[in-house]
Amino acid sequence: MTKVSVIGSGNVGANTVQKLAELNIADIVMVDIVKGLPQGKALDIQQAAPLMGYDVNVMGTNEYADIVDSDIVVVTAGIARKPGMSRDDLLATNIKITKQVCDNIRSCAPDSIIITVTNPLDIVTYAALKCTNFDKKRVLGMSGLLDSSRFASFVAMELGCSVKDVSAMVLGGHGDSMIPLPEYSSVSGIPLKELMDLNTIEKIVDRTINAGAEIVGHLKTGSAFYAPSAAITTMVEAILNDTKKIITASVHLNGEYGMYDICMGVPVKIGRNGIEKIIELELNDKNKEALQKSADSVEAAIIKIETLIGH
Ligand code: APR
C-alpha cells in the first residue's frame with residue numbers, strides 16, 4: 001500500500017490527514033512531538049472510516065521509525081503565526097524544528113518526496129533540501145497552489161461565477177512579496193481584464209497577498225488550515241496518481257528565472273517523480289522586478305539561517 005506521513009498533527013496536519021483518508025489512496029502516519037495528540041486524532045479519523053467509506057490505515061505516533069517506507073512526507077511541524085506576527089518572525093524557531101524533522105526523514109524515509117508546509121515556506125523548503133540532501137526533484141513547498149486558490153476564490157466571489165471556471169496564477173515567495181498574475185488568470189479562457197476593471201483586479205490582488213493575514217486577524221489565535229490542507233491534499237494526489245498537474249510550488253532554482261540556489265514559487269509539473277518540469281514564463285519588466293524583490297527577501301532570510309542548518 002502507498003504510504004503518506006504527515007509530520008505535525010496540529011490544525012494543518014490533522015486536516016490534511018482527514019482529507020487524505022477520504023481520498024482513500026494511501027495509508028497514513030501522523031507524527032507529533034506531543035504525546036497522545038497524533039494517537040488521539042488518528043483514532044478519531046479512523047473511526048470516521050465506516051461512515052465516510054474509506055479503507056486506509058491511519059496511525060498516530062511520536063516515533064519517526066513509523067514513517068519508514070513513506071512515499072511522501074508532508075512537513076507541517078512548527079509554530080503557527082499569531083496576530084501581528086509576520087511569517088519572517090517565525091523563522092528561527094521553525095527552521096530549528098525543520099532541521100530536526102528532516103534529519104529524521106533522511107534516516108527513516110530516504111526515498112520519500114517531501115512536501116513542506118511550515119512557514120516561512122520558501123526558507124523552510126530550502127532548509128529541508130539542504131538538511132536532507134535529497135535530489136531537488138523530491139523537495140517541494142506548498143505555496144502557490146494555496147495562493148492561486150485564494151485568488152481564484154476572490155475572482156469567483158467578485159463575478160458571482162462558478163469557481164470551477166476560474167484559473168488563477170500566483171508566483172514568487174509565499175509571503176508579502178508574492179506576485180498574483182492577473183495576466184495569466186482567466187475565467188473559462190476569458191482574460192480577467194475583459195471581465196473586470198483594473199481597479200477591481202488590483203483590489204483582488206491585494207486581498208490575495210493579505211489573505212493569510214486576513215484569516216489570522218479573524219481567528220486571533222492560529223492561522224488558516226482548511227484551504228492549506230486542501231492544497232496539500234491536491235499535491236499529494238497529483239504525485240501519487242502521477243497526474244502531471246501543473247501548479248505553482250516552491251522549488252529549488254538554479255538558473256531558472258535567472259535565480260541561483262534559492263527556493264521560490266514557480267509553475268511546475270508534478271507527478272510520481274516529484275517535480276518533473278519547471279516551467280519558465282516570459283515575464284514583463286514589472287513582474288521580473290517583482291520576482292527579483294521576492295527573491296531578495298527570500299535570500300536575506302536564507303543568509304540568516306545558514307548557521308542553523310549547518311551550511
Ligand atoms: N516535531 C513534530 N511535531 C512538532 C514539532 C517537532 N519538532 N514541533 C512542533 N510540532 C507540532 C506541534 O506539536 C503542533 O501539533 O506541530 C504542530 C503544529 O500545529 P499548529 O500549531 O496547529 O499549527 P498549524 O496551524 O497546523 O500550522 C503549521 O503550517 O501553514 C503553516 O504557518 C503554518 O508554520 C505553520 C504550519
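Student: Within what distance do the axes of helix H6 and helix H9 come, and at what angle do they cross?

Tutor: This is a predicted model, in which local features need pLDDT of at least 70, side-chain atom pairs count only at pLDDT 80 or more, and totals for chains, interfaces and linings use all residues. Residues are numbered from 1 along each chain as its sequence is written, and side-chain values use heavy atoms, with hydrogens and water left out.

Two packed helices are described by the angle between their axes and the distance between the axes. The axes of H6 (residues 144-159) and H9 (residues 226-240) come within 9 Å, and they cross at roughly 120°. Helices here are DSSP runs of H or I with at least four residues, strands are runs of E with at least two, and both are numbered from the N terminus. Axes are lines fitted to C-alpha atoms, for helices over the stretch in contact, and angles run from 0 to 180 degrees between N-to-C directions. H6 and H9 are therefore oblique to each other; angles under 35 degrees count as roughly parallel, over 145 as roughly antiparallel, 65 to 115 as roughly perpendicular and the rest as oblique. The crossing of H6 past H9 is right-handed, meaning that the near helix is turned clockwise from the far one by less than a right angle.

On the H6 side, Leu145, Leu146 and Arg150 make the contact, where contact means heavy atoms within 4.5 Å. They meet Ala227, Pro228, Ala231, Thr234 and Met235 of H9. By class, the contact of H6 with H9 has six nonpolar residues, one polar and one charged. In this scheme Ala, Val, Leu, Ile, Met, Phe, Trp, Tyr, Cys and Pro count as nonpolar, Asp, Glu, Lys and Arg as charged, and the others, Gly among them, as polar.

H9 also packs against helix H1 (11-23). The axes of H1 and H9 come within 8 Å and cross at roughly 45°. H1 and H9 are therefore oblique to each other, and H1 passes H9 in a right-handed crossing. From H1, the contact is made by Val12, Asn15, Thr16, Lys19, Leu20 and Leu23. From H9, Tyr226, Pro228, Ser229, Ala230, Ile232, Thr233, Val236 and Glu237 take part. The residues of the contact of H1 with H9 divide into eight nonpolar, four polar and two charged.

Asparagine 24 lies in the loop between H1 and strand S2 (27-31). Asparagine 24 has a positive phi of about 65° although it is not a glycine.

Last, the domains. The domain assignment of the chain gives domain 1 (3-141) and domain 2 (144-305); such bounds come from an automatic or database domain assignment. The C-alpha centres of domain 1 and domain 2 lie 21 Å apart. Their contact takes 38 residues from domain 1 and 45 residues from domain 2.
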